[in-house]
Amino acid sequence: MKKILRNIMGIALIGALGLTSCDKDDEMVVTPPAAGPDFSGTYMTADQMGRPAINTVFVPSDMKDDFNVTPPSEQGAKYASAFAAGLMGLSPAYANDGDQNALGLDAATFGSVLATDVLTVSTTGPTTFYDGTNVLTGRNLADDVITVELLLIFGGEDFTENPTLSDDNVSSNDKDFSTSFPYLATPW
């Protein structure tokens, strides 16, 4: 039902946009569509951001467009070396060959994990970006995603290396979350 409503709303929006245009004198001109919206063709992903900041930091600018249209199942193999090079270039925690992060992953392995830009979700355990034990099993609203990413990138084997680089120093949301759906705090 939600999918049908979403499709109807999409068609209505496209129809409304198709009916409204401006001529060179900025006067409103309303033109009915010839045969309705055309949904044929190939659709492509414009941007992939399964894990916040990862695509932004680790995908070189000349690879962004290709990365964004690469299926996640192919991203690890295709981009792991670029991500590993980024990890070794950015983080002293990966300065030596074989250096590992707190998950026990070296730059090449962690680069492959990061390059597969999906948000995994555990269906059998806690859903969290990191709770001290579970890692990358989902994401809660209150999860400090950026600090977790910084810890895994800069924190070394026990999260203590490079403390000034391992925390975004934002410890909580500026407003409390609601106790009912959609749980987000109301805007200012």
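A cavity here is a set of points, on a 1 Å grid over the protein atoms alone, where a 1.4 Å probe fits but cannot get out. Grid points are joined across faces, edges and corners, and a volume is the space filled by probe spheres set on the points. Rolling a probe the size of a water molecule over the atoms shows where empty space is left.

This is a predicted model, in which local features need pLDDT of at least 70 and side-chain atom pairs count only at pLDDT 80 or more, while totals for chains, interfaces and linings use all residues. Residues are numbered from 1 along each chain as its sequence is written, and side-chain values use heavy atoms, with hydrogens and water left out.

**Stop 1: the whole chain**

Start with a cartoon view. The protein chain has 6 helices and 2 strands, taken as DSSP runs numbered from the N terminus (helices: H or I, at least four residues; strands: E, at least two). Read from the N terminus, the order is α-β-β-α-α-α-α-α. Of the 188 residues, 28% are buried (under 20% relative accessible area, with exposed meaning over 50% and partly exposed in between; 1.4 Å probe, protein chains only).

**Stop 2: the cavity**

Now select I54, F110, L114, L136, E149, L152 and I153, which line the largest cavity; a lining residue has an atom within 4 Å of a point. The volume there is about 30 Å³, and the structure holds 1 cavity of 30 Å³ or more. Colour α5 (107-115) and α6 (145-154): each supplies at least two lining residues, and α6 gives the most, with 3. The lining has 6 nonpolar, no polar and 1 charged residues, where Ala, Val, Leu, Ile, Met, Phe, Trp, Tyr, Cys and Pro count as nonpolar, Asp, Glu, Lys and Arg as charged, and the others, Gly among them, as polar.

**Stop 3: along α6**

Stay on helix α6 and pick E149. E149 is buried, at 7% relative accessible area. The C-alpha atoms of L151 and P163 are 8.5 Å apart, with the two residues 12 apart along the chain.

**Stop 4: the pocket**

Centre the view on L141, A142, D143, D144 and V145, which lie nearest the centre of the largest pocket among its 14 lining residues. A pocket is an open set with protein on both sides within 12 Å along at least five of seven lines. This one holds about 260 Å³ of space, and its lining has 7 nonpolar, 3 polar and 4 charged residues.

**Stop 5**

F181 sits in the segment after α6 and is exposed, at 71%.

**Stop 6: the salt bridge**

Finish with D66 and K78, whose closest N and O atoms are 2.9 Å apart in a salt bridge (a side-chain nitrogen of Lys or Arg within 4 Å of a carboxyl oxygen of Asp or Glu). D66 lies in helix α3 (residues 64-69) and K78 in helix α4 (residues 72-90), so the pair ties together parts 12 residues apart in sequence. D66 is partly exposed at 34%, and K78 is partly exposed at 45%.
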